Amino acid sequence: MLNLPNILAFSRILLAPIMFWIILNPDFFTDSGYHITWNYYAASLLFVLASVTDFFDGYIAREWNQMTMLGSIIDPLADKMLTIAAFLGLMMVGEASAWAIYIIIIRELFITGIRTVAVSEGLDIKASFAGKVKTVVQMIAIGFLLMHWPLGSALLWFAVILTLYSGFEYLYGFRAAILKGNNQ
């Protein structure tokens, strides 16, 4: 069902490759006579706009009772597409550690796969508080790295730690949900 929350999630999917292209093509702005910082601003603006849709699609889905199976699958995928596009772009231009990005991407793909299986099996495994904090710290780290602000790399490694912690927490929740389902 295509409702407003799902449209917002799809908008993140559309904004991700545009932001990725901007990160990888700073000459687009500099060749047009603009200072390189305009590239940072443009990529950051798209990232912030897309990130804001993440908050609103969840809020609207809950408040307007518009939660759908499509939304429960597409929302986390859209989040991952956005963050992976930003992280890969930043890594490719030398602004982010390849190891940090590798760890984050592998965890995100693994947990997204498990989450998709859980949803298809009717298991309810909600994002934990640590998972929400992880997402916020990842987004802040991306913002800092996009803008070339100090502490960007430190925030990235803090995000890696939270990413691993929340991944283990999610696996524990998945295991508990399976055991609970088998005992019924």
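Author: Let's start with Asn 39, which sits in helix H3, residues 37-63; helices here are DSSP runs (H or I, at least four residues), numbered from the N terminus. This is a predicted model, where local features need pLDDT of at least 70 and side-chain atom pairs count only at pLDDT 80 or more, while totals for chains, interfaces and linings use all residues. Residues are numbered from 1 along each chain as its sequence is written, and side-chain values use heavy atoms, leaving out hydrogens and water.

Reader: Why does Asn 39 count as buried?

Author: Its relative accessibility is 4%. Buried means under 20% relative accessible area (1.4 Å probe, protein chains only), so Asn 39 counts as buried.

Reader: And which residues does Asn 39 touch?

Author: Not counting residues up to four places away in sequence, Asn 39 touches Ile 22, Ile 23, Asn 25, Pro 26 and Phe 29. A contact is heavy atoms within 4.5 Å.

Reader: What makes H3 roughly antiparallel to H6?

Author: The axes of H3 and helix H6 (residues 129-146) cross at roughly 165 degrees and come within 9 Å. Axes are lines fitted to C-alpha atoms, for helices over the stretch in contact, with angles from 0 to 180 degrees between N-to-C directions. Angles over 145 degrees count as roughly antiparallel, so H3 gets that label against H6. The crossing is left-handed, too: that's when the near helix is turned anticlockwise from the far one by less than a right angle.

Reader: What is the contact of H3 with H6 made of, by class?

Author: On the H3 side are Tyr 40, Ala 43, Ser 44, Phe 47, Ser 51 and Asp 54, meeting Thr 135, Met 139, Ile 142 and Leu 146 in H6. By class, that's six nonpolar, three polar and one charged residues. Nonpolar covers Ala, Val, Leu, Ile, Met, Phe, Trp, Tyr, Cys and Pro; charged covers Asp, Glu, Lys and Arg; the others, Gly among them, are polar.

Reader: Which members of the largest nonpolar core touch the most other members?

Author: Of its 27 residues, Met 19, Phe 47, Ile 142, Leu 146 and Leu 156 do. Such a core is a set of buried Ala, Val, Leu, Ile, Met, Phe, Trp, Tyr and Cys residues joined through side-chain atoms within 4.5 Å. Helix H4 gives the largest share, six residues.

Reader: What does Phe 47 contact beyond its neighbours within four places in sequence?

Author: Phe 47 is in contact with Met 19, Leu 82, Ala 86, Met 139, Ile 142 and Leu 146.

Key: Helix = DSSP H or I, 4+ residues; strand = E, 2+ residues; numbered from the N terminus. Buried < 20%, exposed > 50% of the residue type's maximum accessible area, 1.4 Å probe, protein only. Parallel < 35°, antiparallel > 145°, perpendicular 65-115°, else oblique.
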